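Please read the following with the sequence and the 3D view open.

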Amino acid sequence: MKTLHLYLARQMLATLGMTVFVFTLVLLLGNVIKEILQLLVNRQATIGLALHGILLLIPYVLAFSLPIGMLTAALLVFGRFSADQELTAARASGISLVSLITPVLLLSVAVSGLCAWLNFDIAPSCRTAYRKLLFSAQTNSPSDVLREGETVPLGDFKVYVEKKHEDGTNLDNVIVSQWTKTGELKYTARGPTGTLERDLTNHQIILTIHNTSAYETTTNGSEPCAGGDIPLTINIAEQAKALLTVPDSDKTFSELREELREWERPLPAPLVLTKTNDASIKAKHEIQRMMQDQAMSVMVYMHREVAFSFACIGFTLIGIPLGIRAHRRETSIGVATAMVLMLIYYSFVVLAQAWQNHPERSPCVIVWLPNFIFQVVGAVLLWQANRGVGR
């Protein structure tokens, strides 16, 4: 028995390592191609920064690839175990399936614990650090907002730069024109040189044109006006907000729990409406409903993290008997079956998140349904398989 346990444990660990590596690589490529590769092409990031970003993404991706890998490993290992008649040999020796799979079930519990650690703390923290790294890379060289030989619209201004220096701050032959909302030219400034500076505190880039010749458009045509050094402020606050604002999906479990406490607190004194007219009562109810919706949204994310952390157990329970029933050695069959099961699992998660503002539909319960279904169905299939294997 000990020999069989060691054999199955080695097979599971080897297959798990292979499948997790493949799925992690596939998921990483999706993020790398979409975000990091674009920064490299635009020369906004170095190879070292790109590798740093990939390392930060690995824990985030592992939170997804570990459950998929565990499911695929169970299907592949027990599919081969059954196809090679090793299961028949174990039955002939009087070994039950339940006693045979004990180390595999213990492995699934250990992997679930690792997933919980990743989901609760490590993965969200790394994802937040990755978003900050992206923002730093995108604003590291201020001149990246401009393109050589092209006119770039920036708010009410249009900026033309003939040449950008490699230092990312100095420019040659700069032309800036300001336009009204109706599309009429208001102001034009031309300078032989210009400089760009970052103001990350206020999320701004300052373009200064030196030794300018400036002209203001009037009813009589263009008239010269004060030149000299003219600063132009380029606001990147929206870009900063998009990358630096941490969504609930990227918050640690402790951060979600603290946010939930905030939304569940009673209304602050300034918001407690004492008037009894219909408008004040309606306003108070709207505020309370908004706070309840936000609290429910946070609760759905918290339940999702916990439920998905322990998905490995249900995946293993259903993967073992399905692998035995498939009775196939082909890797493609196991991977295809795993993809179908993952699609079913995630459909419940997506449905719960879509209904997170509808507490009457119990979105927190829906998040747990695939775990419950997989564990019950897996237990029934294992019981049936165990009867076929014998005691």
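Buried means under 20% relative accessible area, exposed over 50%, and partly exposed in between (1.4 Å probe, protein chains only). This is a predicted model, in which local features need pLDDT of at least 70 and side-chain atom pairs count only at pLDDT 80 or more, while totals for chains, interfaces and linings use all residues. Residues are numbered from 1 along each chain as its sequence is written, and side-chain values use heavy atoms, with hydrogens and water left out.

Ala189 lies in strand E4 (residues 185-199); strands (E, at least two residues) and helices (H or I, at least four) are DSSP runs numbered from the N terminus. With a relative accessible area of 1%, Ala189 is buried. Apart from neighbours within four places in sequence, Ala189 is in contact with Val174, Ile175, Val176, Ser213, Ala214 and Ile230, where contact means heavy atoms within 4.5 Å. Between Ala189 and Ile209 there are 8.2 Å from C-alpha to C-alpha, and the two are 20 residues apart in sequence.

Leu25, in helix H1 (residues 2-41), is partly exposed because its relative accessible area is 42%.

Two further helices can be checked for length. The expected span is 1.5 Å times one less than the number of residues. For the 16 residues of H9 this gives 22 Å, and the end C-alpha atoms are 22 Å apart, which agrees. H9 is mostly covered, with twelve of its 16 residues buried; among them are Phe315, Leu317, Ile320 and Ile324. In H10, the buried residues include Gly334, Leu341, Tyr345 and Val349.

The interior comes next. A nonpolar core is a set of buried Ala, Val, Leu, Ile, Met, Phe, Trp, Tyr and Cys residues joined through side-chain atoms within 4.5 Å. The largest has 30 residues, of which Met12, Met70, Phe78, Leu97, Leu100, Val111 and Ile320 touch the most other members. Elements giving two or more residues to this core include H1, helix H2 (47-83), helix H5 (102-140) and helix H9 (311-326). H2 gives the most, with eight residues. A second, separate core of 22 residues includes Phe23, Ile68, Leu75 and Val349. Leu100, leaving aside neighbours within four places in sequence, is in contact with Leu4, His5, Leu8, Phe81, Leu87, Ala90 and Ile95.
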